[in-house]
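Let's take a friendly walk through part of a protein model. Please keep the sequence and the 3D view at hand as you read.

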Amino acid sequence: MNFPLKFFASLALTFSLQAAPQVNVTDTTSRSIPISLTGFSGETRKVLEFDLFVAGFDLVDVSQAQYDLNGRVEGKTEGTLSDTANKASLFNRAYPGGTTRTQAHALADDVVQAITGRKGLRGTKIVFKVQRARTSEIYACDFDGSNPVQLTSDNNIVAAPAWKSGSRSIYYTSYRAGNADIYQQDLNTGARTAIVRFSGSNISPSPSADGSKLAMILSKAGSPDLWISDSSGGSLKRLTSTPADESSPCWSPDGSTLCVVSRESGYPLLYTIPASGGTLRKLTTGNVRNTTEPDWSPDGKWIAFTRQRGETFDICIVSATGGDAKVITEGEDPSWSPNSRTLIFTRRTGKYGSKHLSLLDWPTGHVKDSSRVDGSSSQPSWSR
Amino acid sequence: MKSFSKLATLTLLALLSSSAGCKKGTKNITPLPGYTKPPISGPITPGNPLGGANGNNGSGRPLPTDSGGSVPQDIIDKPKSTDLAGQTDREVIDGMVADREHFKANTVYFEFDKASVKASEKGNVTTVADFLKSKPEARLAVEGHCDERGTEEYNRSLGERRALSVREMLLNMGIAADRVVTRSFGEDKPSELGHDEAAWGKNRRGEFILLLPPASVR
């Protein structure tokens with residue numbers, strides 16, 4: 001029974017019934033939707049602006065807006081969404097309970113849902129790595145960077161945290177035993193287990209979408225290869241046996257295929273391989289080369305990845321079946337949100353400065369930094 | 001308990017209204033994306049003590065929920081099987097004493113984005129091999145590292161590939177496979193902090209760590 005209180009709060013919503021909006025789902029439209037906020041101020045306004053911008057909206061003056069969100073906060077948050085062209089009201093709702101912040105997130109999600117038909121991001125979490133001086137720890141935070149919580153305190157090196165889908169459980173690599181081993185940590189209790197700890201590197205854990213399998217890179221057979229196991233590191237199966245190094249595996253949402261980086265051609269390239277075994281097949285990315293860090297969208301359609309060009313890195317997106325990749329924005333290590341549209345990724349301050357997390361609405365190219373914690377934040381993984 | 005029964009009532013109401021409201025009401029019920037996922041967190045709770053001395057088990061910290069965190073606990077994990085295909089059993093390695101100084105002058109360096117051992121570095125590998133031949137009770141860890149140019153997990157695999165290349169050379173020089181283990185730190189443990197080739201060249205490296213049985217050290 002880990003239902004958050006806000007679950008109950010949301011169900012206790014009061015609302016006045018309006019005609020249901022005609023929902024037109026155009027998931028990858030690159031046009032931003034102009035919206036104005038009237039009557040809101042302070043924290044509520046900030047949360048609404050943030051949530052709507054990373055959902056592909058442009059915050060504009062009411063005279064240029066296609067939609068207006070009018071409301072106020074008096075204990076509870078109230079909001080009326082209307083179409084500015086015909087003055088038609090799309091909804092009029094109140095949000096009692098929770099905090100001002102959670103009320104604002106709930107309202108923003110309702111606006112996104114009413115206008116685009118997409119689900120918002122409220123309640124989703126990010127797990128990531130924070131490096132300070134020569135040590136790093138695992139952290140979790142809300143999707144917008146708020147409420148950061150430190151999940152390890154080993155004064156050692158950690159890497160590649162990944163959320164086990166639909167659960168309060170994460171995987172990551174830690175060097176606390178002197179070797180790169182894969183740990184699973186229960187976020188309810190903090191208890192953890194070293195589930196894969198062979199000699200050599202045990203790195204880059206990646207759970208399948210249904211949580212039943214784990215992909216990883218192990219070097220125990222003499223080269224960094226792709227392996228899969230059950231969710232606790234048992235029943236290991238080796239999928240690649242190239243002399244070159246593989247890295248950063250991820251799963252197709254149906255669990256049938258993996259995407260992984262191999263240096264088989266002498267430089268990093270994305271490949272796919274059946275989870276049941278088979279051969280590596282190049283994923284075409286057009287003119288975009290030096291490709292690493294793939295992440296498969298939850299709807300199965302896209303693969304987001306990092307390409308390196310000289311000393312800069314870019315976030316790119318390609319169809320999951322390959323094709324001409326689109327270069328979206330400068331950054332590294334993208335991770336998809338559950339709605340298959342928003343991504344979180346790592347940005348650098350200056351060329352070799354510290355890293356921080358940022359959100360991307362890829363069709364519109366909207367980019368917004370999350371709240372930061374001290375140190376260098378990287379390797380985000382979105383709960384989904 | 002009072003609040004629990006209140007919650008239970010609300011749950012019941014919620015279930016009733018969601019099942020009854022499928023036809024007409026659901027549009028106006030705010031969907032809760034990911035409510036089976038981790039909820040919004042509360043304050044940071046104090047951490048728990050670290051685990052065992054050599055770190056084979058131990059606890060991380062819980063992620064608090066709105067209803068508060070629970071008590072962390074240690075799980076004593078049993079290592080998995082040791083099908084190591086040539087690499088040494090972890091239990092043997094974990095019990096040995098590491099001397100990071102002994103081969104400090106023998107570190108080998110790599111070309112950018114390459115994992116093969118350069119001819120110029122072979123002398124250092126030979127020195128290490130000769131020492132191991134003279135000291136049969138000793139073992140070795142080879143640690144592979146990268147410069148900061150490259151993505152993190154890519155570099156972690158590349159560093160491992162570098163360490164494995166050095167190991168292969170040692171094996172070709174007659175060192176038994178079960179005496180040499182590999183590790184990779186990717187770009188996480190630079191020896192130089194600069195952002196130019198002078199620093200990068202020193203960071204693309206393989207370090208040799210001498211491992212001795214506990215009895216022989218003292």
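Strand 14 of chain A runs antiparallel to strand 15 of chain A (residues 213–218), and the two are joined by 4 bridges. Here strands are DSSP runs of E with at least two residues, while helices are runs of H or I with at least four, both numbered from the N terminus. Two strands count as paired if DSSP finds at least two bridges between them. One contact to look for is Pro207(A), whose bridge partner in strand 15 of chain A is Leu214(A).

The pair belongs to an open sheet of 4 strands in chain A, ordered 14-15-16-17 with antiparallel pairing. Which strands are at its edges? They are strand 14 (202–207) and strand 17 (237–238) of chain A, each pairing on one side only.

## How to read this model

This is a predicted model, in which local features need pLDDT of at least 70 and side-chain atom pairs count only at pLDDT 80 or more, whereas totals for chains, interfaces and linings use all residues. Residues are numbered from 1 along each chain as its sequence is written, and chains are lettered from A and ligands numbered from 1 in the order in which they are written.

## A second open sheet

Another open sheet in chain A has 4 strands in the order 9-8-7-30, again with antiparallel pairing. Strand 9 (149–150) and strand 30 (376–382) of chain A each have a single partner strand, so one side of each is left without a neighbour in the sheet.

Strand 7 (residues 125–132) and strand 8 (residues 135–142) of chain A run antiparallel and share 8 bridges. Along this pairing, Lys129(A) stands opposite Ile138(A), and Arg132(A) has Thr135(A) as its bridge partner. The hairpin of these two strands has 2 residues between them, and Ala133(A) takes a positive phi near 50 degrees there.

Strand 7 of chain A also pairs with strand 30 of chain A, in the antiparallel sense over 5 bridges. In this pairing, Ile126(A) faces Trp382(A). Is strand 7 of chain A largely enclosed or left open? Since 7 of its 8 residues are buried, strand 7 of chain A is largely enclosed by the rest of the structure. A residue is buried if 20 or more other C-beta atoms, placed from the backbone, lie within 10 Å of its own; it is exposed if 12 or fewer do, and partly exposed in between.

## Helix 3

Helix 3 of chain A (residues 100–116) is mostly covered, with 14 of its 17 residues buried. After helix 3 of chain A comes Gly117(A), with a positive phi near 80 degrees.
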